[in-house]
Amino acid sequence: MRRTKQREQAFFLIFEEQFSGGEPAEAVQLYSENVEELGEYAVALFQGVCANREAIDEIIAANLKGWKLYRVSKVNLSILRLAVYEIFYDSEIPDSVAINEAVELAKKYSGPEDSGFINGVLGAVVRGKE
């Protein structure tokens, strides 16, 4: 299964977890049983985001210009969490790939202007990382 598809699966899990607040292992099992089989990378991404959510949210909040974290839509927050995890915790993925994949998810699942918002925040994240 391609990584793009697995990122999408991880995005679904991250989004759903904001509402359920359950155990990551339970979410993985429910998704696999009721939607489709999850790829290993999707599970690793989801578990990584869950394990590092506080640090990831701090990075996102520090790079929001004129916004508060609680004002970011749950869809966009899920996309940002996924991308920030890849940027900071997955050394195999180039930053540009993480950003591009996040922008594509935003184009598919978020509002018309949200892909630009995602791109801007992640660009600031990467610039601040260096």
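The following legends describe close-up views of a predicted model.

**View 1. Crossing of helices α4 and α5.** Helix α4 comprises residues 53–62 and helix α5 residues 74–89. Their axes come within 9 Å and cross at roughly 100°. Because angles of 65 to 115 degrees count as roughly perpendicular, α4 and α5 are described as roughly perpendicular to each other. On the α4 side, the contact is made by R53, A55, I56, D57, I59 and I60. On the α5 side, L77, L80, R81, V84, Y85, F88 and Y89 take part. Sorted by class, this contact of α4 with α5 contains ten nonpolar and three charged residues, and no polar ones.

**View 2. Length and burial of helix α5.** The 16 residues of α5, at 1.5 Å a residue, should span 22 Å. The C-alpha atoms at the ends of α5 are 22 Å apart, which agrees with that expectation. Helix α5 is mostly covered, with 13 of its 16 residues buried.

**View 3. Salt bridge between E86 and R7.** A search of the whole structure finds ten salt bridges, among them the pair of E86 and R7, whose closest N and O atoms are 2.9 Å apart. E86 belongs to helix α5 and R7 to helix α1. The two residues are 79 residues apart, and the pair thus links distant parts of the chain. Buried means under 20% relative accessible area; E86, with a value of 1%, is therefore buried, and R7, at 4%, also counts as buried.

**View 4. Salt bridge between E92 and R3.** The closest N and O atoms of E92 and R3 are 3.6 Å apart. E92 lies in the loop between α5 and α6 (95–109), whereas R3 lies in helix α1 (residues 3–20), so the pair ties together parts that are 89 residues apart in sequence. E92 is exposed, with a relative accessible area of 61%. R3 is partly exposed, its relative accessible area being 34%.

**View 5. Salt bridge between E36 and K5, and the network that includes them.** The side chains of E36 and K5 meet at 3.0 Å, N to O. Through salt bridges that share partners, K5, E8, E36 and K108 are joined into one network.

Note on methods
Residues numbered from 1 in each chain as written. Predicted model: local features only at pLDDT ≥ 70, side-chain atom pairs only at ≥ 80, totals over all residues. Heavy atoms only, no water. Axes fitted to C-alpha atoms, helices over the stretch in contact; angles between N-to-C directions. Helix = DSSP H or I, 4+ residues; strand = E, 2+ residues; numbered from the N terminus. Parallel < 35°, antiparallel > 145°, perpendicular 65-115°, else oblique. Contact = heavy atoms within 4.5 Å. Nonpolar A, V, L, I, M, F, W, Y, C, P; charged D, E, K, R; others polar. Expected span 1.5 Å × (residues − 1). Buried < 20%, exposed > 50% of the residue type's maximum accessible area, 1.4 Å probe, protein only. Salt bridge = Lys/Arg side-chain N within 4 Å of Asp/Glu carboxyl O.
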